[in-house]
Every structure is written in structure tokens, then in C-alpha cells.
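This report describes one protein chain, going from its overall make-up to single residues. The sequence and structure come first.

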Amino acid sequence: PPEAFLGVGVALSGDLWQYGCFLHEMVFGRSPFHPATPGARARRSILAGDFEDAPRAGPLMRGLVRALLVLDPAERPSW
């Protein structure tokens with residue numbers, strides 16, 4: 001999750017962010033972040049919240065993935 005790059009503790013919200021990445025790849029067939037991007041650029045992309053949206057998915061799925069990939073852990077869904 002983005003907070004891991006910042007040296008901040010990672011909690012359940014980090015697991016939810018990772019689930020958002022997994023769900024994006026499972027449903028849309030590709031990583032939300034550019035997989036060919038070299039390490040430093042990938043890190044910048046993650047920290048900027050710059051991920052690929054998938055217009056062919058339904059609005060509920062897009063909304064769920066967007067909610068899980070929010071940068072601020074406090075703004076991600078919680079149980």
C-alpha cells in the first residue's frame with residue numbers, strides 16, 4: 001500500500017488497498033498500475049493514486065475499486 005512507501009505503519013486498510021489491486025487485475029485483466037513502469041516511476045504512480053480505470057466495467061465495480069485504491073487509509077472502506 002502507499003503508506004508502506006512512506007514508512008507509516010500498515011493496518012487493515014493496507015490489506016484493503018492490496019485487495020483493490022488484486023480485484024482490479026482479476027476483473028479487468030491488468031494491474032491498476034502500469035506493470036512495465038520501472039520501480040521509481042511505479043512508486044510515484046502509486047503515491048499519486050494514478051491508476052488505470054476500466055470503463056468497460058460496471059459502475060459498482062469501478063466504484064468499489066476506486067474506493068479501495070484511495071491513497072488516504074482513513075478514507076478507505078472499513079468493516
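## Helix H4 and its partner

The buried residues of H4 pack against helix H2 (12-28), where contact means heavy atoms within 4.5 Å. The model is a predicted one, in which local features need pLDDT of at least 70 and side-chain atom pairs count only at pLDDT 80 or more, while totals for chains, interfaces and linings use all residues. Residues are numbered from 1 along each chain as its sequence is written, and side-chain values use heavy atoms, with hydrogens and water left out.

Helix H4 covers residues 59-68, and its buried residues are Arg62, Val65 and Leu68. Seen down the helix axis, the buried residues of H4 fall within an arc of 135 degrees, so they line one face of the helix; the arc is that of the directions from the helix axis to the C-beta atoms. Pro59 and Leu60, on the other side of H4, are exposed. Here buried means under 20% relative accessible area, exposed means over 50%, and partly exposed lies in between (1.4 Å probe, protein chains only). An α-helix has 3.6 residues a turn, so residues three or four places apart point the same way.

## The chain as a whole

The chain has four helices and zero strands, and from the N terminus on its elements run α-α-α-α. Helices (H or I, at least four residues) and strands (E, at least two) are DSSP runs, numbered from the N terminus.

Of the 79 residues, 33% count as buried. The accessible surface comes to about 4900 Å², and 62% of this belongs to carbon and sulfur atoms; accessible areas come from the Shrake-Rupley method with a 1.4 Å probe, and for residues only the protein chains shown count as cover. Among contacts between residues at least 6 apart in sequence, 54% join residues at least 24 apart.

## The nonpolar core

Which residues make up the largest nonpolar core? The core has eleven residues: Leu16, Trp17, Cys21, Leu23, Phe28, Phe33, Ile46, Ala57, Val65, Leu68 and Leu69. A nonpolar core is a set of buried Ala, Val, Leu, Ile, Met, Phe, Trp, Tyr and Cys residues joined through side-chain atoms within 4.5 Å. H2 and H4 each supply at least two residues of this core, and H2 gives the most, with five. In soluble globular proteins, nonpolar side chains tend to be buried together.

Leu23 lies in helix H2 and counts as buried, at 4% relative accessibility. Leaving aside residues up to four places away in sequence, Leu23 touches Phe28, Met61, Leu64, Val65 and Leu68. With neighbours up to four places away again left out, Leu69 touches Trp17, Gly20, Cys21, Pro32 and Phe51.

## Pairs far apart in sequence

| Pair | Apart in sequence | Apart in space |
|---|---|---|
| Leu23 and Val65 | 42 residues | 7.1 Å |
| Phe5 and Arg44 | 39 residues | 9.8 Å |

Gly49 sits in the loop between helix H3 (39-48) and H4 and is partly exposed, at 24% relative accessibility. Phe5, in helix H1, is also partly exposed, with a relative accessible area of 36%. Beyond residues up to four places away in sequence, Phe5 touches Arg43, Ile46 and Leu47.

How many salt bridges are found in the whole structure? A search finds one. Arg76 forms a salt bridge with Glu3, and the closest N and O atoms are 2.9 Å apart. A salt bridge is a side-chain nitrogen of Lys or Arg within 4 Å of a carboxyl oxygen of Asp or Glu. The pair links distant parts of the chain, 73 residues apart: Arg76 is in the segment after H4, and Glu3 is in helix H1 (residues 2-5). Both Arg76 and Glu3 are buried.

Ser13 is in contact with Glu3 and Arg76, and also with Pro73, leaving aside neighbours within four places in sequence. Ser13 belongs to helix H2 and counts as buried, at 15% relative accessibility.

## A nonpolar surface patch

Tyr19, Phe22, Met26 and Val27 form a nonpolar patch on the surface, with about 400 Å² of accessible area together. Patches are made of residues with over 30% relative accessible area and no salt bridge; like charges are joined within 9 Å and nonpolar side chains (Val, Leu, Ile, Met, Phe, Trp, Tyr) within 5 Å. Phe22 is found in helix H2 and is partly exposed, with a relative accessible area of 48%.
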